[in-house]
Amino acid sequence: MQDLRWPTYALRDVTLERAEPHERGGMRVIDSAGRSYLDAVNGVGCAPLGHAHPRWIAAMHAQMHLLSAAANSFTSGPQQALARRLAERFPVRDARVFLGSSGTEATEAAIKLAVRATGRSIIVAFERAFHGRSLGALSLTANTAYRHPYVRCIDESEPADPFVVAQVLRLPWGDLAAVRAAFATHGPRIAGAFVEPVQGEAGVFPATRDFLVGLHGLCREHGALLGADEIQCGSGRVGAWSAWSRIVGDDPALYPDILWLAKALGGGMPIGVCLAASELAKAMGKGTHGTTFGGNPLACAAALATFDIIESEGLLAAAAAQLPTLQALAAAEPHARVHEVRGLGAMIGVQVGRPGEQIGNEIGDRLMRDHGILATVCGGHTIRLLLPYRAGEPELHEFWQALGRALEVSA
């Protein structure tokens, strides 16, 4: 059958049709030919509960019978309840919440807020960063293949396009000296610094506490805002509600000014949110940002159910255990071509081959085709696992055994 979609994705030759029942784990998906796969892609981390969780389905079903859509000139009970839950769980002082329908929308809100609240034009971002593909979010994204058709950085030779909402100064990841030098040169013009506490698309690289705390201090010193992009690493993925809290701790004096989330937050429903300190949120007056589907009652009900299930079923602790479990398996049965097993919680990167050796795509294809495991490949060298939070030793052992066989064939 002819595929009538735009060719915007590198498609894999699998048509997914359904998931296994939740009572069997909800961690496997079945294609149109009836073949089952362990789902470590997980909708790129969007199904933290696994598939078809009955309590999540029940919450959606109940909300469908009440109210499925509402314009944002009104409010709804699920919106208010979700905003309160977010403000309670995430490390932003006296938070106010923008409810959107995607991570990119949340990033756009953060960019606009930083520029409007400070009256400055430069956003500091970091090498290997991925913050989305819309024009504003794209300006923060490191991959030039995504970015150059639309926007250029101020430190590149080509002139910036006239529609860039903010200028971007890209700096080396983890290099506080480079950040300090940038503030010394551009300080009065820097609106904020945006950072992923764990870089996902780059290959799953957690930031150090020293780097995040140092970045916080430099922003405070120069009157800039600090933004934490937790689209992929937040909502419990790293074994705590916030990756910032997992790495830095819960000291309110070290909170970021802005924090945004998506992916796992809705349990499978599209949702994105941006939290900001109340005095900053005032800069976003009527008409400064908006979204038709953002904060719709169905998505908010799904997010509330996801919160409840994660907490009542102990899934934060389960997610936290995934990386040490896989590292223990790797230590007990090492694979010669695995360079590193890194990450945080249920956000894991397995770098295959020597640094710079681009064999990831081949290994990813073998895992899918020969061993029934779906995983994404980052940077051409890292197999990324974003399993449901309840996944444990059996699923990780299955992956590790399959990886070993795939590496042997590829040697």
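Buried here means under 20% relative accessible area, exposed means over 50%, and partly exposed is in between, with a 1.4 Å probe and protein chains only. Before I go on, this is a predicted model, where local features need pLDDT of at least 70 and side-chain atom pairs count only at pLDDT 80 or more, while totals for chains, interfaces and linings use all residues. Residues are numbered from 1 along each chain as its sequence is written, and side-chain values use heavy atoms, with hydrogens and water left out.

Back to Cys274. You'll find Cys274 in strand E12, residues 272-277. Strands (E, at least two residues) and helices (H or I, at least four) are DSSP runs, numbered from the N terminus. So what does Cys274 touch, leaving aside residues up to four places away in sequence? The list is Arg96, Val97, Phe98, Ala106, Ala109, Ala110, Ile258, Leu259 and Trp260. Touching, or contact, means heavy atoms within 4.5 Å. There's also Ala228, which is 46 residues from Cys274 in sequence, with 9.9 Å between their C-alpha atoms.

Val97 was on that list, and it sits in strand E4, residues 95-100. Is Val97 buried or partly exposed? With 24% relative accessibility, Val97 counts as partly exposed. Not counting residues up to four places away in sequence, Val97 touches Ala83, Leu86, Val273, Cys274 and Leu275. The C-alpha atoms of Val97 and Ile258 are separated by 9.9 Å, and these two are 161 residues apart along the chain.

With residues up to four places away in sequence left out, Leu86 touches Val97, Leu99, Leu261, Leu265, Val273, Leu275 and Phe307. Leu86 is also among the residues with the most contacts inside the largest nonpolar core, together with Leu82, Phe126, Val198 and Phe211. That core has 68 residues, and helix H11, residues 297-312, gives the most to it, with 10 residues. By nonpolar core I mean a set of buried Ala, Val, Leu, Ile, Met, Phe, Trp, Tyr and Cys residues joined through side-chain atoms within 4.5 Å.

Let's zoom out for a minute. The protein has 14 helices and 17 strands. Why does a radius of gyration of 21 Å fit a compact globule? With 411 residues, such a globule would have a radius near 22 Å, so the protein's 21 Å agrees. That radius is taken over C-alpha atoms, and the globule rule is 2.2 Å times the number of residues to the power 0.38. The C-alpha trace spans about 55 × 55 × 45 Å along the principal axes. Of the 411 residues, 54% count as buried. And if you take contacts with a separation of 6 or more, 72% of them are between residues 24 or more positions apart.

Most residues other than glycine have a negative phi. Ala52, although not a glycine, has a positive phi of about 65°. Ala52 is in the loop between helix H1 (42-45) and helix H2 (54-64), and its 40% relative accessibility makes it partly exposed. Ser235 isn't a glycine either, and it has a positive phi of about 60°. Ser235 lies in the loop between strand E10 (225-229) and helix H9 (243-248), and is buried, with a relative accessible area of 1%.

The H1 to H2 loop has another residue to look at, Cys46. Leaving out residues up to four places away in sequence, Cys46 touches Lys263, Ala264, Gly267 and Gly268. Cys46 and Leu387 are 341 residues apart in sequence, yet 9.6 Å apart in space, C-alpha to C-alpha. Over in helix H2 there's Ala62, partly exposed at 41% relative accessibility.

One last stop: where is His216? His216 is in helix H8, residues 209-222, and at 4% relative accessibility it counts as buried. Residues up to four places away in sequence aside, His216 touches Leu226, Ala253, Leu254 and Tyr255.
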